[in-house]
Amino acid sequence: MFARSSSAADTPNEKLDSKDAVLKKLASLEANHAVLLGKAVVVGEFNDTARKYELHKTGPRGRDFTNKVCWAPDRKRALFCGANHAVPHRLNDVWEFDLPSLTWSMLYAPDLPRGYADLGKDTSDVEFRDGLLMTKRGGPAVIAHTWWGLTYDPRHKTLLFMNTWVTEQKKAVQALGGDPAELYTGPPLWAFYPTTRTRKPFKAVKPYPVAIFGGMLEYIPDLGGSIWHTNNWQMHGTWLHDYEKDAWKDLKANGGEAVFEKASPEPEQIGYYDPKRKIIVVHRHYATHHFDPAKLEWKAVRAGNKDDGRTPYGHDARSVFYHDPVSGHGLLAQFETNTLWVYDPDAVTWTKLTPAGDPMPTGGKRLAYVDPIANVLVVMDGVTIWAYRYKAA
């Protein structure tokens, strides 16, 4: 049976009691087997906005191009935030999931709903402060998809989010009586601190990267910060953010734009950091890439195609891709085809998995993450929780 502390140091906001039935199911789960663990409870200080959209019943659910869930090792729980495309809501709430207790906890209740390209019908909770559109509670008034631009920084115990969206911010500032010329136009990087349930915007000065849609934000221990990677017509580059200095550095990966463009993944990629091999593994559509932080080098290692039958489709709105620490491989859940795949970065091969046991839920608003303590890939279909173990510990 896996051990997980629920002391105040690990769960500073609340202690959650593990469920014996869940622990027993996880303890008896064999390799390449899956099991339905049951229904999660949903807890939090729900406001009117949360109740309007029945978040107190469903939890966050998957949100279109917002499917990435980040493991917080110090908390031994998984964190989630980000907006839907438009329907049924665009909210800036933040959530945490605890596996042994099967609990969705809302850490930050949503501010008022935002519109697709504006701040919504009711802007009474928004103010223009210090060059930024913020809510009076200190949250981002503009809220975006995460794509793969969400990561957890264990050194600073914070969830980091590149909050890029199409909101017509200058019009919004003007409507609030502010001066659009004072609007900060750099990368909209935000932090959320789960311990204090507070948020912080960053306002780096130039030089800084272009914050495009569909980029990748990933914390890299070897580099002591988080990289922001994009490769399209707007920007070809991999940049490193220094948290303490709030400064960005162009890593000049691959030594030149032409080489970089051919070697690195394009937007809407999914990927993870491999702490043993000390590389980033990324999959985008049918192409697989590795990034070596020591060499500052991207490499296109595999080019599959939709007809080869040996490659899953990687896309941040349709699949998730996480490191499995027991096997050292990558686990990809493809929600569009309802399949699981495993990637071996040494052999550079993909294998489609055929799990025994309970079938994966098939809902259209799923989330997933790898829980390294329980040694399972967890899929959350609303409050229905399913777990899959690839290899025995």
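View 1. H236 sits in strand β15, which covers residues 235-242; strands here are DSSP runs of E with at least two residues, helices are runs of H or I with at least four residues, and both are numbered from the N terminus. This is a predicted model, where local features need pLDDT of at least 70 and side-chain atom pairs count only at pLDDT 80 or more, while totals for chains, interfaces and linings use all residues. Residues are numbered from 1 along each chain as its sequence is written, and side-chain values use heavy atoms, with hydrogens and water left out. Skip the neighbours within four places in sequence, and H236 is in contact (heavy atoms within 4.5 Å) with T230, N231, E257, F260 and E261. Go 16 residues along the sequence from H236 and you get to K252, with the two C-alpha atoms 9.7 Å apart in space.

View 2. K252 belongs to the loop between β16 and α5, and its phi is near 55°, a positive value in a residue other than glycine. For context, most residues other than glycine have a negative phi. K252 counts as exposed because its relative accessibility is 58%; the cut-offs are under 20% relative accessible area for buried, over 50% for exposed and partly exposed in between, with a 1.4 Å probe and protein chains only. N254 is in that loop too, between β16 (247-250) and α5 (257-263), but this one counts as buried, because its relative accessibility is 18%. Leaving out neighbours within four places in sequence, N254 has contacts with V259, F260, A263, L296, E297 and W298.

View 3. Strands β19 (residues 287-292) and β20 (residues 297-303) run antiparallel and are joined by six bridges; a pair needs at least two DSSP bridges between the strands. The hairpin leaves four residues between its strands, and L296 in the turn has a positive phi of about 55°.

View 4. How many of the five residues of β22 are buried? Five of five, across residues 330-334. Both faces are covered: G330, L332 and Q334 are buried on one side, L331 and A333 on the other. β21 (residues 319-323) pairs with β22 in the antiparallel sense over five bridges, and the bridge partner of Y322 in β22 is L331. The β21-β22 hairpin has six residues between its strands, with G328 in the turn at a positive phi of about 80°. β22 is also joined to β23 (residues 339-344) by five bridges, again antiparallel, and here Q334 has T339 as its bridge partner.

View 5. W228 lies in strand β14, residues 225-232, and counts as buried because its relative accessible area is 1%. The C-alpha atom of W228 is 9.6 Å from that of D250, 22 residues away along the chain. A78 lies in strand β4, residues 77-81, and is buried with a relative accessible area of 1%. Not counting residues up to four places away in sequence, A78 touches V69, C70, W71, W95, E96, F97 and Y369. A78 and D371 are 293 residues apart along the chain, yet their C-alpha atoms are separated by 7.9 Å.

View 6. Most peptide bonds are trans. A cis bond joins V87 and P88, with omega about 0°, and P88 is in the loop between β4 and β5 (94-98). Another cis bond joins K206 and P207, with omega about 5°; P207 is in the loop between β12 (198-201) and β13 (216-220). L102 is not a glycine, but its phi is positive, about 50°. L102 lies in the loop between β5 and β6 (103-108) and is buried, with a relative accessible area of 1%.

**View 7. The whole chain, for orientation.** The secondary structure comes to five helices and 28 strands. The C-alpha trace spans about 60 × 50 × 40 Å along its principal axes. Of the 393 residues, 58% count as buried.
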